[in-house]
There are 2 protein chains.
Amino acid sequence: MLKYQHIANELEKYIEEHALQQGEKLPSLDLLMTQFEVSKSTITKSLDLLEKKGIVFQVRGSGIFVRRHKRKGYISLLSNQGFKKNLEDFHITSEVIELDVRKPTKEAALNLNIELDNDVYYVKRVRYIHGLTLCLEESYFNKSIITYLNNEIISESIFNYISEGLGLNIGFADTFLHVNKLTEEEAKYLGLRKGDPKLYVESIFHLTNGQPFDFSKGTYNYEQSQFFVQTNSHFL
Amino acid sequence: MLKYQHIANELEKYIEEHALQQGEKLPSLDLLMTQFEVSKSTITKSLDLLEKKGIVFQVRGSGIFVRRHKRKGYISLLSNQGFKKNLEDFHITSEVIELDVRKPTKEAALNLNIELDNDVYYVKRVRYIHGLTLCLEESYFNKSIITYLNNEIISESIFNYISEGLGLNIGFADTFLHVNKLTEEEAKYLGLRKGDPKLYVESIFHLTNGQPFDFSKGTYNYEQSQFFVQTNSHFL
DNA sequence: CAGTGGTCTAGACCACTAT
DNA sequence: TAGTGGTCTAGACCACTGG
């Protein structure tokens, strides 16, 4: 493991275990340098990583502080992997409705950057949070990248299988959000009524080399839809 | 201006002016080093910044590539500053409904981390996008930080005034999203009907030193609500 | 195996904060 | 003005990609 990643993990663990709250101060750069026996740049890199993740903020001339909001029960729009990572805190389960190999729709082909006669894995699932319907999701996986899927895999964490099982490196994702009214079919799956509000989410996931491998469309139950996003300074 | 910021700006401008598309390659690190006459770390820092912003992605052993999605008309949930920055592309206007100094609600006091008897500026606005109602927004500004506001300022960009006019450094924000049904009052302001879907957004903005200065609650017109978020590798 | 990006170091110097 | 974080350099060495 890389030094700066290791240090970042240690610091994150430290914050977690000591239940540090927003605004609490971490040791100074100098101290961390000597404690971890690395150069200043390496510590800086660790802290930049934690800052990107929204876990700390650094104030020149003052110190390094914990960043942590107070609200519980919100799902991060960023720490995502089809949301699995923080779903461990959330008891998420899935019911698979369809799984097969087929040709992509025009829309899927466009978003996956493939031809209409290439194969994709098509997955349709209902996902539950604490036993309540969270969303109805359709996914298209580029079969020339994701070469094999089965029922067991997609009931668990697909993204974990992609990294560990297939040895692929997941890079980045683009996510598009709309608010709209439920259709009759969607309402049925979610246990709501036609015309009720929905959050509609499309995501395109890419490997580190930029190739899109997953195009997903999800319709979220508005009653369970509490999301949050952390924004950093360079955006403001 | 810092070197790495300057270089990042130049590269961003270059990508913009040459209308480079997703996947197009930028010059190698070595080339950039010699062109800009800086050390490798400085170039790396520039590129890391652009990567954070979702403008490029780097592939070890291969090169530096432009990252850019294809969809138009989406508002970034991150490049926000109350959304002003990318609103320049969007012709946003505001109508001020209320502006006064008052005591905060419990909710506002909690989120701004102040006492109930401290003063806040209260601002209520309807915001329009291309002349259509985008959202109804209520904001609470900590008056001990934002010492003065008037109608002219809040019709323009509040955040610009805070940085330029007041010389304050805006640091980071936490944003919480819900989907729900419009109340009668909200529907009236947005020109929709009671019970229609809404996106409800709460944001807490902080200075670089971690002090919250603005708590805002916005109700978005679902017909104009198209948002996107870019996720980077360290989250996946 | 050549080219390209990533990690890490040691150290100089700068900019801001708190007291 | 002491303490603390931020920028920048020059260079060594590592890890991955692609022909």
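Rings of Phe, Tyr and Trp (its six-membered ring) pair if their centres lie within 6.5 Å; planes under 30 degrees apart count as stacked, over 60 as edge-to-face and the rest as tilted. By that rule Phe57(A), Phe65(A) and Phe172(B) make up one aromatic cluster. The model is predicted: local features need pLDDT of at least 70 and side-chain atom pairs pLDDT 80 or more, while totals for chains, interfaces and linings use all residues. Residues are numbered from 1 along each chain as its sequence is written, chains are lettered from A in the order in which they are written, and side-chain values use heavy atoms, without hydrogens and water.

Over all chains there are 20 aromatic pairs. One of them is tilted, with Phe57(A) and Phe172(B) 4.9 Å apart centre to centre and 40 degrees between the planes.

The contact between the chains (heavy atoms within 4.5 Å) takes 55 residues from chain A and 56 residues from chain B. Six salt bridges, each a side-chain nitrogen of Lys or Arg within 4 Å of a carboxyl oxygen of Asp or Glu, cross the interface of chain B and chain A. A salt bridge also joins the side chains of Glu202(A) and Arg71(B), at 2.6 Å from N to O.
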